Amino acid sequence: MTGTQVLSSSIAQARKWGGVALLLGVGLGHGPAGWAQSLAPAQAPVQNWSFKGPLGHFDLAAVQRGYAVFAGVCASCHGLTQVHFSDLAGMGLTSEQIAALAEAWQVPDGLDAEGRLKHRKAQPDDALPEPYPNAQAARAANRGAVPPDLSRITQVYPGGPDRVFALLTGYGAPPSHQSGTGSAAGGGLVGGAHPAAVAGGEGGFANPYAIGHRTAMPPPLRDGAVVFTDGTQATAEQEARDVTTFLAWVSNPHADSKRRLGVGVALYLCFLATLLVILKRRIWSHVRK
Amino acid sequence: MEGSPSCKDQTGRRHEAAGVVAFVKDYMGFLLPADLNLLWTIGAMLVAVLGLMLLSGLTLALSYTPDASLAFGSVEALERRMPSGWLLRSLHMTGASFFMAALYLHVFRGLYYGSYRAPRRGLWLIGSALLVMVMVTAFAGYVLPWGQMSYWGADVAGKAVGAVPVIGSLLERVFLGGDAPGTPTLHRMFVLHFTLAFSIVGAVVLHVAVLHARGSSSPSGPQGETPARMLPFYPYFTIKDTLGVVVMALLFTMVMCFWPGLITEPANYRPANPLHTPADIEPEWYFLPFYGMLQAVPSKFGGLLVSAGAVVVLFCVPWLDRGPGWTGPKSGMRWLAWLAMSVLVASFVLAGLAGSHHVQGVWLLVGRLATVGYYAYFLGFLPFYAKLANWGERA
């Protein structure tokens, strides 16, 4: 329940900031033409995701790298409340790896004799811990905005994974009209090329893909924010791409199994239907039209 | 299956077996008009989907918790980590859409070919009752996951019930179990969903039994129902129905596995939040035509009457249709029936499109025209087409 409260209040917050953005955009004149006038989120460039389309499948290496980004960056403010550590086995991890991964997290473990909150290392059947004990704490820590829960984010966020990626990489950039290329809004901008445009402050952060073109989320990613164990270069754009893949997987973890099942069943049914058509024609061949 | 001769109580066994065998033989030998087209296989598809819904629904219910604070999480848990939970839930969700789609086709087929005429009025009435039961079951089922659309759907439905004069507020409280949707609402919907599902099975058995007593209609009218133009159910129609079911299963698989976005509402993956009203509250696609009609009328109660009336009018169809039908061989009315049916289907679809938009401006006009078009078929065309056709022949 808190998840949606969170999201709605952050949207309300974003709307409020929309007004501020308009003032800033017009007053200071650093918004590109057409950007400040329309406060509807810009159309996110279409990306070529591995999981896209009816026959796509998740690039599990990217999902695992994306988990590293989530754990290292996003998890400090965002929760994945519906996900248990054991669910992460679907990323292609063994149960030993899951146990090791869970141990890196602390989860609340009731109260001690003095009534203080105790913590322990997480176990595979624990849910991923929420970053804040409640919405009030989240709001207090984030200047009034509550970071949304990410369990189903690519499903419930209008624009889906394309917009998540665009939001993560689009700080301070005018809306990009390029499509199909991965380097649309570029990680370089996020890395701090335009610090003036990115500047936060009370009004939030300029981002054409946010509602009202302002978001309370500071630019989360920068080059080298995490170290990928598979040797992939951790540019901000690569991190955004991988974490979006991870979030898309978390939003719909069984999509691959479903598509695989679909291919088998559809082929079987086509074969069966062909046989039945032949049989039907034979049976009905005796009937005078 | 048949009684084995080695049994002690041979005579009794044989008698019982003979009963079953006789029933199966009778069922398989049931004569049907030879000219039944593909639209007549939809009944078999409906039975297949109903079976699927019962099986998947029963297994889903094993891990569902009807409590406002736990329902969403329990559905997430069953989808994320119950073995094959994702499959069961996809089957159930896709099944609901396919069931409603097939049911609408079944009803339109019955309307077009006049399947409601005597001696099948009872069959039509049971079918109409089944439609209502299925719609209520589908609605109750949609509330259960307790996402945003579940919650606000229940809220809108509660308010619609509350618009009934005099007893409205009482009905609303009985329906919601309080002032707003909550745990009592979930308990009600869960029980309703469950009990109605099995009542539907009973009504389907009755529907089929009456069909067997009265015989099937034919696309070419009473002429097609003469014994000379009939064929036994087995093997002619068993193979046809099986083929129909397999083709439907193929479509079902494609939608479920490759294009699930066609039948899922993303907003319902957000947990219910009583403090945040979504910008667009809209029901599942299969209720959109009625939702469009509900909004096309400025008065709340009027809208309720018009949209509920759109289903109730189906019960009156056998008595509204005064004509001899247009399915005869030399009937000059065929084009008229075809035109009227096209208007009806177009109105139904347009009302649905209006329901999926904010009903204002152009869409308000479309919604109103569609409502008029829908009712015109039942109240303007069915009672008078015979006279119209006579007049046409004389002229």
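**Interface between the chains**

I began with the contact count: 38 residues of chain A touch 39 residues of chain B. I note here that the model is a predicted one.

I next looked up the extent of the interface. The size of an interface is often given as the accessible area lost when the parts come together. For chain A and chain B I found about 3600 Å² buried between them, with 70% of it on carbon and sulfur atoms. On the chain A side, I recorded A:Arg152, A:Lys258 and A:Trp284, which supply 19% of the area that chain A buries against chain B, more than any other three residues.

I then checked charged pairs across the interface. The count between chain A and chain B is three salt bridges. I located one that joins the side chains of B:Arg81 and A:Asp87, at 2.8 Å from N to O.

**Largest cavity**

For the largest of them I noted a volume of about 820 Å³.

Which residues lie nearest the centre of the largest cavity? I listed B:Met53, B:Leu60, B:His92, B:Gly141 and B:His193, out of 36 residues in the lining. The elements of chain B that give two or more residues to this lining are helix 2 (42-61), helix 3 (71-81), helix 4 (85-112), helix 5 (121-143) and helix 8 (183-214). Helix 2 of chain B provides the largest share, seven residues. Sorted by class, I have 26 nonpolar, seven polar and three charged residues in the lining of the largest cavity.

**Second largest cavity**

I turned to the second largest cavity, with a volume of about 80 Å³. Its lining includes B:Tyr104, B:Val107, B:Phe108 and B:Leu111, together with B:Leu131, B:Phe290, B:Val311, B:Leu314, B:Leu344, B:Phe348, B:Tyr374 and B:Phe378. Two or more residues come from each of helix 4, helix 11 (300-320), helix 12 (334-355) and helix 13 (362-381) of chain B.

How many polar and charged residues does the lining of the second largest cavity have? I found no polar and no charged residues there, and 12 nonpolar ones.

Last, I checked the domains. Domain 1 (21-277) and domain 2 (282-395) of chain B each give at least three residues to the lining of the second largest cavity.

Key: Residues numbered from 1 in each chain as written. Chains lettered and ligands numbered in written order. Heavy atoms only, no water. 1 Å grid on protein atoms, 1.4 Å probe; cavity = no way out; pocket = protein on both sides within 12 Å on 5 of 7 lines; lining within 4 Å. Points joined across faces, edges and corners; volume = space filled by probe spheres on them. Helix = DSSP H or I, 4+ residues; strand = E, 2+ residues; numbered from the N terminus. Nonpolar A, V, L, I, M, F, W, Y, C, P; charged D, E, K, R; others polar. Domains from an automatic or database assignment. Contact = heavy atoms within 4.5 Å. Buried area = accessible area lost by both parts, 1.4 Å probe. Salt bridge = Lys/Arg side-chain N within 4 Å of Asp/Glu carboxyl O.
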